[in-house]
Amino acid sequence: MRDNIMKNLKLGFKEDKLAVIGVIIILILTVTSAFAFLYPVDANAISVTSRLAKPSLIHPFGTDDMGRDYLARCLYGGRASLLVGFLSMILSTMIGVIVGSISGYMGGKIDAILMRFVDALMSLPTFLIMVVMNAYLKPGIKNVIIIIGLLTWMSIARIVRGETMSLKEREYVVYSRISGQSRLKIILQHILPNIMPTIIVTATINIASAILMESALSFFGLGIRPPTASWGSMLNNAQGYMIKAPYLAIFPGVLILLTVISFNYLGEALRKIFEHK
Amino acid sequence: MEKILNRLFQTILILFIVSILCFTLTKIAPGDPVLTYVEPNMSEEYINQLREDLGLTKPIAIQYIIWLKNILHGNFGNSLINNRPVLDQILERLPSTMLLMGTSLLLSVILAIPIGLYTGKHKNGLVDKIINIFSYIGISIPTFWFAIIMIYLFSVYLHVLPSLGMRSDGINTFSDLMKHLIMPTCVLTFTNVSQFTRYIRSSTITELSSDYVTVQRAYGMSETGILYRHVLKNAILPMITVLGMSLQGVVSGAIITEQVFAWPGTGQLAVNAVMTFDYPLIMGITMFTALLIVIGNLLADILYVVIDPRIRSNG
């Protein structure tokens, strides 16, 4: 079965050139921000003489209002944004898979209670709750990851629950149940591996929305705050220099858009590939 | 009918959980709430008395019941900053938000239906591919960034549209309001229309490949006839559910949009409340918004059952 998936993946990517471009963009952004320290310019070096310099050979993205090299800032900003995206996705996927599989497998009252809880969380104005929690907690990457992770697992839980419910009636699962295997073992060995494709698709799209949320929070001066650079907080700063230096707002924004669009597209491409099997 | 009753019961349960979540959020807020009432020359005794009067010494469950009772009576408490009733402030701001969200949702649906139908019918055609790229941009673009780019382009650079607020100073005309409405609506609509188009496109594709369409084709019905007389209705129907489901996202989008454009709605009120740590106001808005979202979802479900005979007969 695994070979089959790999073959489908290869075929799917061969057909969908845009998905390949998406993967390449994600790889480039991840690698460049992970190895940002190799770029020989200090992202925090303040220079009074070269404030708001236009993009040039020395400063490919120009400099910001404190004369810091904007390309270096963007690389480090990407590090924060991608880190938040990946880690909060992992957190939300873990919670979602646990709640969803328990709910779907156990059914009955447990299912009803968990799902009403999910419904309730999905009725709250998420962004507002994020803003509130952000104001309560100390600002910083760790808390942003926790907040986003805790508020975005519901859709995964719903999807995993649905798939678990349909899988649990399959013969081989019924057989394992009758032969006395523990619930945990059945969920881990027989159910989760089979819904892995769906989980991967949802998780990929979740990275996209987590990055969007982080950037919005940081843009409002919450979330990740200076001196730590993130694309959102850079845009917050850029707002004050729209007339003098519009490129300050262009670069981080385009980078967010590119990243989010790549993850969204990749998620959909994977969905198509998995559905074709 | 049983289905609707069941759904009503679920809704009450959801609201109950929402209220507990909201209450917990107020309780875990940092800082002693009594401090906002304390003045420098108050004695220790008086402060303790105040704490008791405010009900802060009672068990947490009792505090919750009192809080819930007040909310059910429409009493969301008073703002810590200006001491005005929270509900009054929300209701005062609500029309602006409704104007923005309503205009945007209406526009999104009106645009998404023909675009979705067309692209679903001409799947993988040139138009479909172009629209597909735009809809990916629509769901991926950071709302606030799109907003500041629009402001730069149309207010700073071209000077054709006002950048902030809902009305110009001292001018109270319809056209002035419309001018202010254009940019925030566009920002909010772009995301919504992208999402809705994708739903309608995919349900159009599903409907077009279903059995009844094949039968109609075999009877010699024209393609446009099939599209308008049968597919249209069945493809739009799920939009009711999609609209209900998208409310949460639309509210988040509206909060961001209002903030960037300084649109005087509840979203802006909420963000300001957070910045000034005005807890009663924050909780009031959260609870109120959740209530609207839950009711919106409920209405969507009921409407769906009323309109779609297939579900009615099964229920």
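Helices and strands are taken here as DSSP runs, a helix being a run of H or I of at least four residues and a strand a run of E of at least two.

**View 1. Overall fold of chain A in the predicted model.** In this predicted model, chain A reads along its sequence as α-α-α-α-α-α-α-α-α-α-α, which comes to 11 helices and 0 strands. Its C-alpha atoms fill a box of roughly 75 × 45 × 25 Å along the principal axes, and 49% of the 277 residues of the chain count as buried. Among the contacts in chain A with a separation of 6 or more, 71% are accounted for by residues 24 or more positions apart.

View 2. Leu270(A) has its place in helix H11 of chain A, which spans residues 247–276. Because 23 other C-beta atoms lie within 10 Å of its own, and 20 or more are required, Leu270(A) counts as buried. Leaving aside residues up to four places away in sequence, Leu270(A) touches Ile200(A), Val201(A) and Thr204(A). With Thr204(A), the separation is 66 residues in sequence, while the C-alpha to C-alpha distance is 9.0 Å.

**View 3. The contact between chain A and chain B.** Chain A contributes 35 residues to this contact and chain B contributes 38 residues. On the side of chain A that touches chain B, at least two residues each are supplied by helix H4 (108–123), helix H5 (126–136), helix H9 (183–219) and H11. By class, the residues on that side of chain A divide into 27 nonpolar, 6 polar and 2 charged.

**View 4. The two domains of chain B and their contact.** The domain assignment divides chain B into domain 1 (2–72) and domain 2 (86–314), whose C-alpha centres lie 34 Å apart. Where these domains meet, 13 residues come from domain 1 of chain B and 11 residues from domain 2 of chain B. On the domain 1 side, helix H1 (residues 2–27) of chain B gives the most, with 11 residues. That side of domain 1 has 8 nonpolar, 3 polar and 2 charged residues.

View 5. An unreviewed UniProt entry places the feature "transmembrane region" at residues 12–30, 98–118, 130–157, 177–193, 236–261 and 281–307 of chain B. Over residues 130–157 of chain B, the model is 93% helix and 0% strand, with the end C-alpha atoms 28 Å apart; over residues 236–261 of chain B, it is 100% helix and 0% strand, with the end C-alpha atoms 32 Å apart. The unreviewed UniProt annotation "domain: ABC transmembrane type-1" covers residues 94–304 of chain B, a stretch that is 83% helix and 0% strand in the model and whose end C-alpha atoms are 27 Å apart.

View 6. The largest nonpolar core holds 147 residues, of which Met130(A), Ala216(A), Ala147(B), Ala270(B) and Ile282(B) touch the most other members. At least three residues of this core are drawn from each of domain 1 (2–72) and domain 2 (86–314) of chain B. When neighbours within four places in sequence are left aside, Met130(A) is in contact with Ile147(A), Leu151(A), Met213(A) and Leu217(A).

Technical notes
Residues numbered from 1 in each chain as written. Chains lettered and ligands numbered in written order. Predicted model: local features only at pLDDT ≥ 70, side-chain atom pairs only at ≥ 80, totals over all residues. Buried ≥ 20, exposed ≤ 12 C-beta atoms within 10 Å, placed from the backbone. Contact = placed C-beta atoms within 7 Å. Nonpolar A, V, L, I, M, F, W, Y, C, P; charged D, E, K, R; others polar. Domains from an automatic or database assignment. UniProt positions renumbered as here; feature names shortened; annotations may be inferred. Core = buried A, V, L, I, M, F, W, Y, C linked by C-beta atoms within 7 Å.
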